[in-house]
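Please look over the structure shown here.

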Amino acid sequence: MRILILHGPNLNLLGTRETDIYGRKTLDEINEDLKERAKEMGVDIEEILQTNSESALVERIQAARDRIDGIVINPAAYTHTSVALRDALLATDIPFVEVHLSNVHSREPFRRHSYLSDIAVGIVAGFGPESYHLALKGLVQRLRQAGTV
Ligand code: DQA
């Protein structure tokens with residue numbers, strides 16, 4: 001089972017960025033934890049990519065077609081703005097889970113809308129770095145249940 005992890009804009013600043021909301025763990029620390037958890041679950045993380053660029057995210061999703069079984073994605077601010085990300089995920093038809101560190105529903109109203117939630121396998125938000133682990137666990141379970149991998 002090959003899993004792709006995608007982190008959107010500004011997540012490279014985790015650890016120092018709005019720590020009251022996002023906590024003090026860095027993205028590197030989150031990624032290391034995720035790799036550990038994946039190993040425990042017996043799945044391969046094919047790649048972990050953080051980019052601030054919407055087009056780079058679209059291109060990575062397109063390239064994942066027929067190669068990746070599932071995606072865990074924190075689209076960050078593009079969650080609330082990007083039809084292009086939605087279309088890329090629809091076009092490749094790869095099951096994905098949408099992740100947020102913060103509870104986007106308890107923040108500014110504009111964060112309540114997501115261009116991705118209705119096409120995601122599931123959404124995890126509000127558990128800090130643990131959101132990623134829960135997302136990975138849920139995605140792997142869903143893929144195994146579906147028996148496609
Ligand atoms: C975020 C929530 C988004 O609204 C925000 O733009 C982010 C991070 C989260 O992980 O809580 O950059 O996706």
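D93 is exposed, at a relative accessible area of 65%; exposed means over 50% relative accessible area, buried under 20%, and partly exposed in between, with a 1.4 Å probe and the protein chains only. The model is a predicted one, in which local features need pLDDT of at least 70 and side-chain atom pairs count only at pLDDT 80 or more, while totals for chains, interfaces and linings use all residues. Residues are numbered from 1 along each chain as its sequence is written, and side-chain values use heavy atoms, with hydrogens and water left out.

D93 sits in the loop between α4 and β4, where helices (H or I, at least four residues) and strands (E, at least two) are DSSP runs numbered from the N terminus. The phi of D93 is positive, about 60 degrees, although the residue is not a glycine. Most residues other than glycine have a negative phi. A76 also is not a glycine and has a positive phi, of about 50 degrees. The loop that holds A76 runs between β3 and α4. With a relative accessibility of 12%, A76 counts as buried.

Helix α4 is the element that D93 follows. At the start of α4, a side-chain oxygen of S82 comes to within 3.4 Å of the backbone nitrogen of A84. This is a polar contact, that is, a pair of N or O atoms within 3.5 Å; within protein, one must be able to donate a hydrogen and the other to accept it, and residues adjacent in sequence count only if both atoms are side-chain atoms. The buried residues of α4 are L85, A88, L89 and T92. They fall within an arc of 95 degrees when seen down the axis of α4, so they line one face of the helix; the arc is that of the directions from the helix axis to the C-beta atoms. Among the elements that cover these residues are α3, β3 and β4, contact being heavy atoms within 4.5 Å.

In helix α3 (residues 54-63), L57, V58, R60 and I61 are buried. Their arc, seen down the axis of α3, is within 165 degrees, so these residues too line one face of their helix. They pack against β1 (2-7), β2 (44-50), β3 (70-74) and α4 (83-92). R60 is buried at a relative accessible area of 16%. Leaving aside residues up to four places away in sequence, R60 touches L4, L6, E46, E47 and L49.

Next come the nonpolar cores, each a set of buried Ala, Val, Leu, Ile, Met, Phe, Trp, Tyr and Cys residues joined through side-chain atoms within 4.5 Å. The largest has 22 residues, of which I3, L14, V72, L101, Y132 and L136 touch the most other members. Two or more residues of this core come from each of β1, α2 (27-41), β4 (96-100) and α5 (130-146). The largest share, six residues, is that of α5. A second, separate core has 18 residues, including L49, I61, Y78 and L85.

Around the ligand lie R17, Y22, N74, A76, A77, H80, H100, L101, S102, V104, R107 and R111, each with a heavy atom within 4 Å of the ligand. For L101, a backbone N or O atom lies 2.8 Å from a ligand oxygen atom. The protein covers 99% of the 320 Å² of accessible area that the ligand has on its own, by the Shrake-Rupley method with a 1.4 Å probe; for residues, only the protein chains shown count as cover.
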